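Here is a short briefing to read alongside the model.

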Amino acid sequence: MDTERFAGKVALITGAASGIGAASARRLAAEGAQVIICDRNGTAAQQLADELNTARAFELDVTDLERTLEVVDGLERVDVLVSAAGVDVCDTVPNTSPEEWRTILDVDLTGVYNSCRAVLPRFVAQGGGAIVTISSAIGTVGERNRSAYCAAKAGVENLTRAMALDHGRDGVRANCVAPGLIDTPLIRNGKVGGEDDPGAMQAMVDRHHALGRIGQPSEVAAAIAFLASDDASFITGAVLPVDAGWTAQ
Ligand code: NAI
């Protein structure tokens, strides 16, 4: 990478041990950031930190606000938050148990609140910072059999807009990326891309992606890096589709 957009900056990434979070950690580190790799899978987080020599790892479950505050308070500085931790449950409301509903909302929406709750006072005190949250194409439009996930991701998008409005005058920018289907363990191990129905993922790609192929984590990381960088200095409150044309329909 010949650009150093994050030289001297510290970027905290949740869900950074896999998929889009890990690709973001690699991208931001390649552009000069010191990366704080947070994931509930502490072993995988440490493995990635060892690979990127400017990184530190923390075992962190984003549903745990106290632990999130502890990690952030222990850092000397933070300039960027990428909130990538997420889980998926695929089903209708009657087929989504109250426990599954709570889990999705806890991780995918409250986890974003917890992470932002931890960094925002720092960003306000230091007069700036950039937040990038991750929604989904199906945070913007509905999708069958994904009720809890659709609800949580729509919440992430409007939470991001609310933070942008509340903290613009503090020098804080908050933006969101909304990916289409991306080739990660979340999809490969889930109902959509799982081995029990190998045709389901291609059917979704055919139905939704104008570009006719699945996306790669690095393609989402490139958009995240842009929104987190000074190249996006006049952009806040935006939800950027990274979805191969899904929501253009
Ligand atoms: P992934 O499963 O590859 O990575 C998610 C990471 O989050 C894992 O390392 C996991 O250990 C971590 N994680 C899960 N729950 C956590 C918790 N409570 N606390 C801390 N870490 C936790 O998934 P992927 O695909 O990289 O997803 C990243 C984000 O992108 C998620 O928010 C997901 O909803 C979103 N997304 C993914 C899409 C896809 O097609 N893969 C499409 C649209 C959005």
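A disulfide here is a pair of cysteine sulfur atoms within 2.5 Å, and a search of the whole structure finds zero of them. Please bear in mind that this is a predicted model, in which local features need pLDDT of at least 70, side-chain atom pairs count only at pLDDT 80 or more, and totals for chains, interfaces and linings use all residues. Residues are numbered from 1 along each chain as its sequence is written, and side-chain values use heavy atoms, with hydrogens and water left out.

**Cysteines**
- Cys-38 is buried, at 0% relative accessibility, and Cys-176 is buried with a relative accessible area of 0%. Buried means under 20% relative accessible area, exposed over 50%, and partly exposed in between (1.4 Å probe, protein chains only).

**The sheet**
- Helices (H or I, at least four residues) and strands (E, at least two) are DSSP runs, numbered from the N terminus.
- Seven strands make an open sheet with parallel pairing, in the order E3-E2-E1-E4-E5-E6-E7. Two strands pair if DSSP finds at least two bridges between them.
- Strands E3 (55–59) and E7 (239–242) stand at the edges with a single partner strand each, so one side of each has no neighbour in the sheet.
- From one strand to the next, the twist averages 20°. Axes are lines fitted to C-alpha atoms, for helices over the stretch in contact, and angles run from 0 to 180 degrees between N-to-C directions.
- E2 (residues 34–39) runs parallel to E3 and is joined to E3 by five bridges; Asp-39 stands opposite Glu-59 in E3.

**Helices on the sheet**
- H3 lies across E1 (10–14), E2 and E3, at about 160° to E3.
- H6 (residues 147–167) lies across E5 (129–134), E6 (172–179) and E7, at about 160° to E6.

**H3 against H4**
- The axes of H3 (residues 65–73) and H4 (residues 98–126) come within 9 Å and cross at roughly 35°.
- In contact (heavy atoms within 4.5 Å), H3 residues including Leu-65, Leu-69 and Val-72 meet H4 residues including Ala-118, Val-119 and Arg-122.
- The residues of this contact divide into five nonpolar, three polar and three charged. Ala, Val, Leu, Ile, Met, Phe, Trp, Tyr, Cys and Pro count as nonpolar, Asp, Glu, Lys and Arg as charged, and the others, Gly among them, as polar.
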